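Thanks, everyone. I'll take the structure on screen piece by piece, with the conventions as we go.

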Amino acid sequence: MDIESPAKLADLLDQHAYLADEGLATAAFLALRMGRPLFLEGEAGVGKTELAKTMALVLDAPLIRLQCYEGLDAAQALYDWDFARQLLHLKAAEAAGITDAGRLEGEIYDRRFLIARPLLRAIETDPAVLLVDEIDRADDEFEAFLLEVLSDFTISIPELGTISARTPPVVVVTSNRTREVHDALKRRCLYHWLEHPSFEREVAILLRRLPACTEALARQVARTAARLRDHGLVKPPGIAETLDWTEALLTLGARDLDPGLAAATLGAALKYREDVESVLGSGVLSRA
Amino acid sequence: MRDLAATMTGFARTLRAAGVAADHERTQNLLRAVAHLDVARRDDVYWAGRLTLCATPDDLPRYDRCFAAYFGGRRAVRGPDRTATVTRHLAGGEGDGERGQEPVLATASSIEVLRQRDVAALSAAERAEVHRMLALLRARRERRLSRRLVPAHRGRLDQRRTIREALRKGEVARLRHRDHTTRPRKVVMLVDVSGSMAPYAETLLRFAHAMARTEPRATRVYSVGTRLTPITAELRHRDPGTALAEVSRAIPDWSGGTRLGEELRELLARTSVRGAIVVVASDGWERGDPALLGEQMARLSRQARRVIWVNPHKGHEDYQPLTGGMRAALPFIDDLVAGHSLAAFEELSERLSHARRPA
């Protein structure tokens, strides 16, 4: 697909109900054009993961997701051998009286015994969108390894040889910044810091995603969400939470954000008991 | 308009002068990026530069200033010249034992006496001797299970090795195993550098340096006072004198007040302390709201593996944790230890190497 400008990409994302501002649209556009990973950093719930999903829809490519966690290692990210099937094959060969070790080795390190994990799958799938989600949760050793894969989109498997991508996947790396990611990795990428959406954009997103929502309600919710973000909460609501909250309000038939309903549905927006208590005790809701 | 490449490299240079790590590779990325965009549009140039040259949210305000200055036709703004304005609190001064200081004659008995004495009451030469011993301290760490697997006699099946052997021998003769290895547990240390801690701050920072040197990958250190400042990178220098000089340049709020509650909140918002041992070195003279400190300590203790509070005054016989901050924090501390003498530091180090949550 030929996407000729950031504005055109923003249009396409909009068709899949993702409203990107100019910065994010330019970032995604350049990632496509330059074949560089896009490194998205920002607080939880600003729409980092969602962008990768929507890019996959726009490009009509499968989304391959690598969720990072502490202790993630190469076998879980790249590939593994299917041990059970390899053993079965050896047993079968033994029963058939085949003892030629060289031949057996060739057979059990065949591609069909290889289990592709997300990174290998992304390299073998053409086209693909690869989401490396929450890189800040993985150990720092993993970054060095990821950097290697993202540098040339080639994976070498000792028993099998080198597998290279015909078309490099579109890569989105996200971080919640709970840890500083190594600069060498960032340098390979386009870096974009994603903020909570502006008031107008948040209203537009609510209306775009929830057709049943009236403009008046969307404006009230967005205004309250902005106030909640300034309230010094443990976990300020992101756009995902505002959407959930609005949906909860709509389900209860709300046409206005009245304080009673707001309080009753607050659990959709806030995820910590301390936050709920602090908001209920403060009168933030009654000024909606 | 001048040659595009020259304009862009000039801009990257301006950013570097302002403290953004816009290195050569990033500048090359910028040149590639503008080739795909409309350079006549100011916004396109803005985003091309921001996406390729910046690396942290801290870079963004500097980027905006430089962009306005450079493309607005005015002179480039210079970043604040930190080295010139910061007073040198620690480095090269009279208390520094690494250079020029007459070493104390260290005999076994004098060391033993010195080990127990409060560092605030030491002469410059004695303190230098304590610092020299701190530099030699092997600040070991409790180990935790790592996710990494290594060959072992029991544990999980090592499929790769089992298959390899079966191939060699023609049959599955023996199952091979592998098991988790261990890694040092992460320690996050906060050193209070406010006015009331002045007699102890340097020694505490030297202890932090010993920890960072022994377990560089598993140690994170921040200074706290009126603001939270990460100083781990500065402490990586092998030489304690150089490391301390770097630290003193990095910390902007020496000898101010303490707002530990707010700083803990920032720490928890910005990094993860899950699974870590958190060491807070402070006397608990909180200027902020003790209630906030209590709340943040509660969150800290829920996330961290263990919270150790180091209070130099704990070393004095009649010490009672009566300050507002100390009282608010106390319910959430696993261990309250002294940090006033070499012996106290050795004990702290011992606790870090065998840390277990008390039952």
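Let's start with one glutamine. Gln86(A) sits in helix α5 of chain A, residues 83–95. Helices here are DSSP runs of H or I with at least four residues, strands are runs of E with at least two, and both are numbered from the N terminus. Gln86(A) counts as buried, at 3% relative accessibility. The cut-offs are these: buried is under 20% relative accessible area, exposed is over 50%, partly exposed is in between, with a 1.4 Å probe and protein chains only.

A word on the model before going on. It is predicted, so local features need pLDDT of at least 70 and side-chain atom pairs count only at pLDDT 80 or more, while totals for chains, interfaces and linings use all residues. Residues are numbered from 1 along each chain as its sequence is written, chains are lettered from A and ligands numbered from 1 in the order in which they are written, and side-chain values use heavy atoms, with hydrogens and water left out.

Back to the glutamine. What is Gln86(A) in contact with, leaving aside its neighbours within four places in sequence? In its own chain, the list has Trp81(A), Ile108(A), Tyr109(A) and Phe113(A). From the other chain comes Ile163(B). Contact means heavy atoms within 4.5 Å.

That takes us to the interface. On this side, 43 residues of chain B are in contact with 44 residues of chain A. The area buried between the two chains is about 3,900 Å², and carbon and sulfur atoms give 53% of that. Buried area is the accessible area, with a 1.4 Å probe, that two parts lose on being put together, summed over both. Ile163(B) turns up again here. Together with Leu51(B) and Leu167(B), Ile163(B) supplies 17% of the area that chain B buries against chain A, more than any other three residues.

Now the polar side. Chain B and chain A share 13 residue pairs in polar contact, both residues at pLDDT 80 or more. A polar contact is a pair of N or O atoms within 3.5 Å; within protein, one must be able to donate a hydrogen and the other to accept it, and residues adjacent in sequence count only if both atoms are side-chain atoms. Which elements of chain B each supply at least two residues of the side that touches chain A? They are α2 (24–35), α3 (42–53), β1 (143–152), α8 (159–169), α12 (260–270) and α13 (290–303). That side of chain B divides into 14 nonpolar, nine polar and 20 charged residues. Nonpolar covers Ala, Val, Leu, Ile, Met, Phe, Trp, Tyr, Cys and Pro; charged covers Asp, Glu, Lys and Arg; the others, Gly among them, are polar.

Next, the charges. There are eleven salt bridges between chain B and chain A. A salt bridge is a side-chain nitrogen of Lys or Arg within 4 Å of a carboxyl oxygen of Asp or Glu. Take Glu159(A) and Arg164(B), at 3.6 Å, N to O. Glu159(A) lies in the loop between β6 (154–157) and β7 (161–164) of chain A, and Arg164(B) in helix α8 of chain B, so the pair joins two chains. Arg164(B) is partly exposed at 31% relative accessibility.

Then Arg187(A). Its side chain meets that of Asp23(B) in a salt bridge, 2.6 Å from N to O. Arg187(A) is in helix α9 (residues 183–188) of chain A and Asp23(B) in the loop between α1 (4–17) and α2 of chain B, so this pair also joins two chains. Arg187(A) forms a salt bridge with Glu25(B) too, at 4.0 Å, N to O. Arg187(A) is partly exposed, at 22%. A network of salt bridges links Asp183(A), Arg187(A), Asp23(B), Glu25(B) and Arg26(B).

Last, the aromatics. The structure holds 14 aromatic pairs over all chains. Rings of Phe, Tyr and Trp (its six-membered ring) pair if their centres lie within 6.5 Å; planes under 30 degrees apart are stacked, over 60 edge-to-face, the rest tilted. Tyr46(B) and Tyr63(B) have ring centres 5.3 Å apart and planes at 70°, so they are edge-to-face. Tyr46(B) lies in helix α3 and Tyr63(B) in helix α4 (residues 59–71) of chain B, so the pair ties together parts 17 residues apart in sequence. Tyr63(B) is buried, at 0% relative accessibility. Tyr63(B) and Phe67(B) are stacked, 6.1 Å centre to centre with 25° between the planes. Both rings belong to one aromatic cluster, whose members include Phe11(B), Trp47(B) and Tyr70(B).
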